[in-house]
Amino acid sequence: MLDSLLFPLDDWLADPTLPAAEGADYYYQSQCPRTGWHRLPRTALARAVAQRLMAQLGTPAEGKMYGVLLVQTPTGIGVLKAFSGLWQGQAQVPGWVPPIPGRSQVAQQEAHTLAQLAMIKDRLLTLQTLPQRGVYDDLLQQQAEARQRLNQCHRDRKQARAQQRQTLARTLTGNSLAEALAALEHQSRGDKAELRRFKQRWGDRLAPLAAKMQAADAEIAALRQQRRDLSRQLQADMHAAYRLANFAGESVVIQNLAAGGNLPTGTGDCCAPKLLHTAAQYGLRPLALAEFWWGPAQGDRQPGQFYGACAERCQPIMGFLLSGLSAQVLQTVNLPVGAQHAVPRPAGAIQVALGIPVLYQDPWLIAVDKPAGLLSVPGRTGDRADSVLSRLGLTLPPAAFLQPVHRLDQDTSGVLLLVRDAATHRQLSQQFAQRQVAKTYQAIVVGEVAETSGIIDLPLWGDPAQRPRQGVNWQQGKPSQTKFELLGREGARSRVAFYPLTGRTHQIRVHAAHPQGLNAPILGDRLYGGSEPGQRLHLHAHRLDVTHPHRGELMTLTAAVPF
């Protein structure tokens with residue numbers, strides 16, 4: 001069977017001159033509790049083979065993750081290839097490594113459960129986007145406006161009655177005064193009765209819709225619980241059936257590798273576990289691994305983009321899968337330094353860590369110039385593990401604390417600040433929460449900006465049906481303010497500085513694009529209308545002004561604008 005899975009390197013590259021172990025830009029690495037740390041590089045040669053596979057795949061209708069594993073054979077270097085999950089509905093395809101043993105035992109149950117989950121997803125979307133929700137929100141808005149008008153009318157009447165009482169007290173006495181005051185009191189009771197009728201009338205209009213929304217929300221809660229129960233049962237059954245092998249000659253079911261007793265559904269179905277398991281099963285020594293997305297883009301997943309091990313499904317089992325390989329010392333990749341650093345680094349500091357320029361570091365802080373296209377922290381899916389946090393973690397001892405104190409969108413570049421202990425994280429998080437940190441962004445927007453400066457004040461809300469998009473919503477949105485300053489015009493485009501006063505998701509991007517904001521989307525913004533072929537998102541976190549949590553000094557961190 002191995003002959004049908006293993007291909008000579010010569011079949012992929014006519015002139016494979018790249019050394020197999022050089023040009024690493026990422027490492028699959030984890031700790032085995034018994035044998036320590038192990039890692040496997042993604043090298044230039046592995047990327048070249050992966051790019052050849054992309055060419056062979058053509059233009060598939062379905063987007064998914066693919067992977068190649070370079071292995072040492074008695075006759076040279078061989079190549080194994082894999083796809084994640086199913087390919088055109090099939091788990092096993094000739095020429096590709098097979099799924100982890102045990103899948104066939106739960107295949108029927110898996111298909112049934114996945115069909116149930118798909119039905120639940122559709123029903124949830126229907127319930128979350130009921131037309132009545134929009135009608136209900138509109139009525140609530142109308143009620144609020146009508147109540148405001150009625151309250152103003154009642155206030156005006158009350159003020160008029162007060163003035164009348166003063167006039168009556170000066171001009172009337174006895175029964176005449178008593179009768180006039182009684183008439184005013186009758187008017188006051190009339191206003192109160194009018195308010196009661198207003199509440200009753202609107203209550204009658206809103207009650208049926210409110211009852212429908214309440215029933216829909218109750219069904220949503222029940223469906224979510226049913227979805228959790230189905231997923232957990234399928235997960236437990238699959239993990240009890242799947243059995244992995246490693247390079248130490250060991251074999252274990254996946255559920256025994258869950259440190260806390262739980263691993264997500266789909267663990268073991270990604271490319272890396274399938275490739276490493278197959279190599280271990282046949283006694284092949286891995287040299288390099290590369291995984292990539294191919295096919296139509298899906299969310300932030302772009303065709304031809306390389307990704308690392310997913311944090312939730314692959315990383316927890318990576319230590320076992322790599323166990324038996326030679327231990328390697330984790331090092332920093334010494335790449336050329338081209339970035340300008342606003343704050344001098346201490347002697348001996350890291351200048352570039354795995355492709356990320358380091359702007360500043362001390363015993364408590366690390367500030368970096370995050371490249372566009374790189375996540376701040378690992379994502380939840382298999383193609384979103386590569387990040388600033390995971391790369392910097394390779395330069396530190398395994399148990400070292402490292403956390404970002406804020407985030408940048410994946411496509412945004414610029415200053416990102418991380419902390420090296422929990423106490424510092426709490427102190428800086430408080431500065432950000434209390435808006436004591438000044439942030440400056442630069443962007444190129446598509447269109448002419450009419451005003452030279454101002455404040456955009458538009459409440460933002462994330463519609464569950466349109467994730468990850470954010471939108472302006474005056475009823476449910478959170479307050480969001482951004483100062484802006486026009487720096488210059490470049491033809492049909494404008495260069496703008498943004499100073500966010502709040503920190504909502506996609507705040508600058510929405511405020512730039514929205515007609516009530518600048519009405520000029522950021523160049524390269526795929527979500528909000530500024531997309532142009534070959535253009536990155538032209539948004540850069542240029543400057544961060546923050547008080548050092550231990551020294552009390554004001555720090556100014558800057559990253560040169562790359563566009």
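This note goes through the fold, charges and backbone of a predicted model, point by point.

1. Basis of the note. The model is predicted, and local features are reported at pLDDT of at least 70, side-chain atom pairs only at pLDDT 80 or more, while totals for chains, interfaces and linings use all residues. Residues are numbered from 1 along each chain as its sequence is written, and side-chain values use heavy atoms, with hydrogens and water left out.

2. Overall fold. The protein chain holds nine helices and 22 strands, where helices (H or I, at least four residues) and strands (E, at least two) are DSSP runs numbered from the N terminus. Of its 563 residues, 45% count as buried; here buried means under 20% relative accessible area, exposed means over 50%, and partly exposed lies in between, with a 1.4 Å probe and protein chains only. Among contacts in the protein chain with a separation of 6 or more, 65% are between residues 24 or more positions apart, a contact being heavy atoms within 4.5 Å.

3. Surface. The protein chain exposes about 27,800 Å², and carbon and sulfur atoms supply 50% of that area. Accessible areas come from the Shrake-Rupley method with a 1.4 Å probe, and for residues only the protein chains shown count as cover.

4. Positive patch. Lys158, Arg189, Lys192, Arg196, Arg197, Arg201 and Arg205 gather in a patch of positive charge on the surface. Such a patch is made of residues with over 30% relative accessible area and no salt bridge, like charges being joined within 9 Å and nonpolar side chains (Val, Leu, Ile, Met, Phe, Trp, Tyr) within 5 Å. Lys and Arg count as positive and Asp and Glu as negative, whereas His and the chain ends are not counted; the place of a charge is taken as NZ of Lys, CZ of Arg, CG of Asp or CD of Glu. Helix α4 (residues 174–241) gives the largest share of the patch, six residues. Arg201 is found in helix α4 and is partly exposed, with a relative accessible area of 46%.

5. Salt bridges across the chain. Side chains of opposite charge can pair when their charged atoms come close. A search of the whole structure finds 13 salt bridges, each defined as a side-chain nitrogen of Lys or Arg within 4 Å of a carboxyl oxygen of Asp or Glu. In one of them, Arg123 pairs with Glu219, with the closest N and O atoms 2.9 Å apart. This pair links distant parts of the chain, since Arg123 lies in helix α2 (residues 103–128) and Glu219 in helix α4, 96 residues apart. Both partners are partly exposed, Arg123 with a relative accessible area of 34% and Glu219 with 30%.

6. Further charged pairs. Arg495 and Glu490 meet through their side chains in a salt bridge, at 3.2 Å from N to O; Arg495 is buried at 16% relative accessible area, whereas Glu490 is partly exposed at 40%. Asp545 forms a salt bridge with Arg543, the closest N and O atoms being 2.8 Å apart. In that pair Asp545 is buried, with a relative accessible area of 11%, and Arg543 is partly exposed, with 36%.

7. Surroundings of Ala497. Ala497 is found in strand β20 (residues 493–500) and is buried, with a relative accessible area of 3%. Leaving aside residues up to four places away in sequence, Ala497 touches Tyr441, Lys483, Phe484, Glu485 and Leu487. Ala497 and Lys483 are 14 residues apart in sequence, and their C-alpha atoms are 8.4 Å apart in space.

8. Backbone points to inspect. A cis peptide bond, with omega of about 5°, joins Arg467 and Pro468, and Pro468 sits in the loop between β17 (460–461) and β18 (471–472). Arg435, a residue other than glycine, has a positive phi near 60°; Arg435 is found in the loop between α8 (422–433) and β15 (438–446) and counts as exposed at 53% relative accessibility. His506 also is not a glycine and has a positive phi of about 60°. His506 lies in the loop between β20 and α9 (507–513), and is buried, with a relative accessible area of 10%.
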